[in-house]
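The report that follows is meant to be read beside the coordinates.

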Amino acid sequence: MGILSDSASKLRASAADSAFELRVLHEAGVLAPVRPDKALKIGTTFLRWGASPATGVATAAIHHPHQIAVIDERGALSFEHLHRRSNALAHSFAAMGIGYGDGVGIMCRNHRGFIEATLAAAKLGASALYLNTMFAGPQLVEVTRREGPKALVYDSEFAGLLEGVDDSVVRIAGWVDEGEDSGAQHSLEQLIAAGSEADLSRAS
């Protein structure tokens, strides 16, 4: 009886979670009347990622592929372009050994790299660890030691704060200002260029 009761409880909890996710997506306008082919794509996306940032950008790419999603100093990205770029980054993250439940530290200003790193992590079921851009070096070291991210995405202006961060944490430059050395092993642009734009399988 205990096993049956526990299973029933988990089923109820799962149903409640699904109902909440559907309500959130409906209120956000994600679940709106659409053509059957688009509805199928949206349903598949929801099953793959649930109510997450990954589902949000993928659904927006289906509904409004050419609408502008991000504008920064490098120009504009449509929802479709952002979706495909974050797919490519997620594939490159996966090739580096980042997967479900792993942490990805993000210490970036307000630009496409911040969003792309967040989406790529979500598409892998990894956790985005947002690091305060006001951190001093010792604070950054303490948080990375405690949280144990596999990779750290950061802007070149913060490179000097990483001196005490463990060498096992992969350094990835999210944005490099002219004339600055990021000290990173990779850049987001390199990883995006190297990755496949194909949709990922369900994170688990």
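## Helix packing

A crossing of two helices is called left-handed if the near helix is turned anticlockwise from the far one by less than a right angle, and right-handed if it is turned clockwise. In this predicted model, the crossing of α4 and α5 is right-handed, whereas that of α3 and α4 is left-handed. Two packed helices are described by the angle between their axes and the distance between the axes.

Helix α4, which covers residues 79-95, packs against α5 at an angle of about 60°, and the two axes are 8 Å apart. That angle makes α4 oblique to α5. For helix α3, residues 53-63, and α4 the packing angle is about 140°, with the axes 8 Å apart. That makes α3 oblique to α4, because the label of roughly antiparallel is kept for angles over 145 degrees.

## Overall composition

The protein chain contains seven helices and seven strands, and along the sequence these elements follow the pattern α-α-α-β-β-α-β-α-β-α-β-β-β-α. The protein chain has 204 residues, of which 43% count as buried.

Helix α5 spans residues 112-124 and includes Lys 123.

The side chain of Lys 123 does have polar partners, among them the side chain of His 83, which it contacts at 2.9 Å. A further polar contact, at 2.8 Å, joins the side chain of Lys 123 to the side chain of Asn 87.

Leu 119 is also found in helix α5, and with a relative accessibility of 6% it counts as buried. The C-alpha atom of Leu 119 is separated by 9.1 Å from that of Leu 82, although the two residues are 37 apart along the chain.

## Salt bridges

Nine salt bridges are found when the whole structure is searched. One of them pairs Arg 85 with Glu 189, whose closest N and O atoms are 2.6 Å apart. Since Arg 85 belongs to helix α4 and Glu 189 to helix α7 (residues 188-194), the pair ties together parts of the chain that are 104 residues apart in sequence. Arg 85 is buried, having a relative accessible area of 9%, whereas Glu 189 counts as partly exposed at 32% relative accessibility. Both residues also take part in a network of salt bridges that links Arg 74, Arg 85, Glu 116 and Glu 189.

Another salt bridge is formed by the side chains of Asp 102 and Lys 150, at 3.4 Å from N to O. This pair links distant parts of the chain, 48 residues apart: Asp 102 sits in the loop between α4 and β3 (103-107), and Lys 150 in the loop between α6 (137-147) and β5 (151-155). Asp 102 counts as buried because its relative accessibility of 18% falls under the 20% limit, whereas Lys 150, with a relative accessible area of 36%, is partly exposed.

A further salt bridge brings together the side chains of Arg 146 and Glu 147, with an N to O distance of 3.3 Å. Here Arg 146 counts as exposed at 55% relative accessibility, and Glu 147 is partly exposed with a relative accessible area of 44%.

## Ser 78 in strand β2

Strand β2 runs over residues 75-78 and includes Ser 78, a residue that is buried with a relative accessible area of 16%. Which backbone atom does the side chain of Ser 78 reach? The side chain of Ser 78 reaches the backbone nitrogen of His 81, at a distance of 3.1 Å.

Terms used
Residues are numbered from 1 along each chain as its sequence is written. This is a predicted model: local features need pLDDT of at least 70, side-chain atom pairs count only at pLDDT 80 or more; totals for chains, interfaces and linings use all residues. Side-chain values use heavy atoms; hydrogens and water are left out. Helices (H or I, at least four residues) and strands (E, at least two) are DSSP runs, numbered from the N terminus. A polar contact is a pair of N or O atoms within 3.5 Å; within protein, one must be able to donate a hydrogen and the other to accept it, and residues adjacent in sequence count only if both atoms are side-chain atoms. Axes are lines fitted to C-alpha atoms, for helices over the stretch in contact, and angles run from 0 to 180 degrees between N-to-C directions. Angles under 35 degrees count as roughly parallel, over 145 as roughly antiparallel, 65 to 115 as roughly perpendicular and the rest as oblique. Buried means under 20% relative accessible area, exposed over 50%, partly exposed in between (1.4 Å probe, protein chains only). A salt bridge is a side-chain nitrogen of Lys or Arg within 4 Å of a carboxyl oxygen of Asp or Glu.
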